[in-house]
Structures are given as C-alpha cells and as structure tokens.
Amino acid sequence: MLFRSKDLDTTYSEVVDKEIFRCEEQEFLAKIEEEKKRTVSSIDIGDNSDIGKALSSLIKEDFDNALDFANIILSDSPDDKNALLVKAQALAGKYKDEEALKILDRVIELYPNELEAYFQMGTISMNLGKYSKAMDYFQAIKKLDANYPLVDENLDIIRKYLINGGQNI
C-alpha cells in the first residue's frame, strides 16, 4: 500500500507541475498581449505612408493588406528593414512560418543588430517546437540588450520545457 501511495504522490506531483507550467504559460501570453498593446500605442496609426498603412493593417490583423503594403515598399526598396519585418510578421500571422523565417534571416543578414528580427525568429521557432533554436535567438538578444522585453520569460519557458524532457506541458 505504501508503494502505491508513493506512485500516486509522484503522479500528483507531475500533474501539479504541468498545471503550474500551463498557468505560467498563460501569464506569459498575457504579457505578450500587453507588450503588443504598449508597442501599438506608440505607433501613429494615422500615418498615411505605405509603412503606416502596413503597420495599421498588421495591428488590425489584416495580414493580406499588411503584405500588400510591405510588398509595395519592397518593390522600390528591397532592403527596407521595416517593410521586411512587417512582411515577416504578416506571413507568420498567416501561419507561413517558414517563409517568415527566410525573410527574418535576410533582415539579420542585412541588419545584424536588429533585435526585433531575432525576437520574431525566436517566437516562430518556439511555435514550431524548435526550442533549442529559439533559445539561441533569445540568448542572442540578451547579448545585445539584456533588458529586451519578454526575452527572460521566453527563456524560462524554454528551460522548463527542456527540463521536463521536451514534453509538451
């Protein structure tokens, strides 16, 4: 009977650990939403330029329009950092993660210190379950800016996932 009780305690402990991780994950997602709102509030949505329209569309989650405006800019300026970032975010919003990653690779190639590109690469890699790769991107951000928003939270989630043997929690 004691042996069975120990098994139940272990199972209970695993369930509690998983539930704690889920709660932490929900808190993290809430922080992302809050950061998104903070970032959005600093953008002039009334900007009538193509990049302003692209950002406005992206914020409204109108990913097709965001892509259209980003592509207009890129047709004239193929290395425009902001247009490339918007295009990558819009592609990710349409679940075209591999295409988004290719664009972000290009941003990093052109602008090696562009933290937003590393952050998006890390986020997309997490979504794809490529946690080790995501960790590399977030650690690269930490080297460039130790206080970049949400990096520590992402790294904590990845570490917990890896410590748990790579099981989805």
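1. Let's start with contacts along the chain, where contact means heavy atoms within 4.5 Å. Of the contacts in the chain with a separation of 6 or more, 48% are between residues 24 or more positions apart. Please keep in mind that this is a predicted model, in which local features need pLDDT of at least 70, side-chain atom pairs count only at pLDDT 80 or more, and totals for chains, interfaces and linings use all residues. Residues are numbered from 1 along each chain as its sequence is written, and side-chain values use heavy atoms, with hydrogens and water left out.

2. The chain has eight helices and zero strands. Helices (H or I, at least four residues) and strands (E, at least two) are DSSP runs, numbered from the N terminus.

3. Now for the surface. The accessible surface of the chain is about 10,500 Å², and carbon and sulfur atoms hold 51% of that; the areas come from the Shrake-Rupley method with a 1.4 Å probe. Of the 169 residues in the chain, 33% are buried. Buried means under 20% relative accessible area, exposed over 50%, and partly exposed in between (1.4 Å probe, protein chains only).

4. In α2, the buried residues are Gly52, Ala54, Ser56, Ser57 and Leu58. These buried residues pack against α3 and α4.

5. Have a look at glutamate 61, in the loop between α2 (50-59) and α3 (63-76). Its phi is near 60°, a positive value in a residue other than glycine. In general, most residues other than glycine have a negative phi. Glutamate 61 counts as partly exposed because its relative accessibility is 48%.

6. Leucine 150 also deserves a look: its phi is near 70°, again positive in a residue other than glycine. Leucine 150 sits in the loop between α7 (131-144) and α8 (151-163). With a relative accessible area of 9%, leucine 150 is buried.

7. Finally, the pair α4 and α5. Helix α4 (residues 81-93) packs with helix α5 (residues 97-110) at an angle of about 160°, and their axes are 8 Å apart. Axes are lines fitted to C-alpha atoms, for helices over the stretch in contact, and angles run from 0 to 180 degrees between N-to-C directions. The two helices are therefore roughly antiparallel (an angle over 145 degrees). The contact includes Leu84, Leu85 and Lys87 of α4, and Ile103, Leu104 and Arg106 of α5. Its residues divide into 10 nonpolar, no polar and four charged. Here Ala, Val, Leu, Ile, Met, Phe, Trp, Tyr, Cys and Pro count as nonpolar, Asp, Glu, Lys and Arg as charged, and the others, Gly among them, as polar.

Technical notes:
Parallel < 35°, antiparallel > 145°, perpendicular 65-115°, else oblique.
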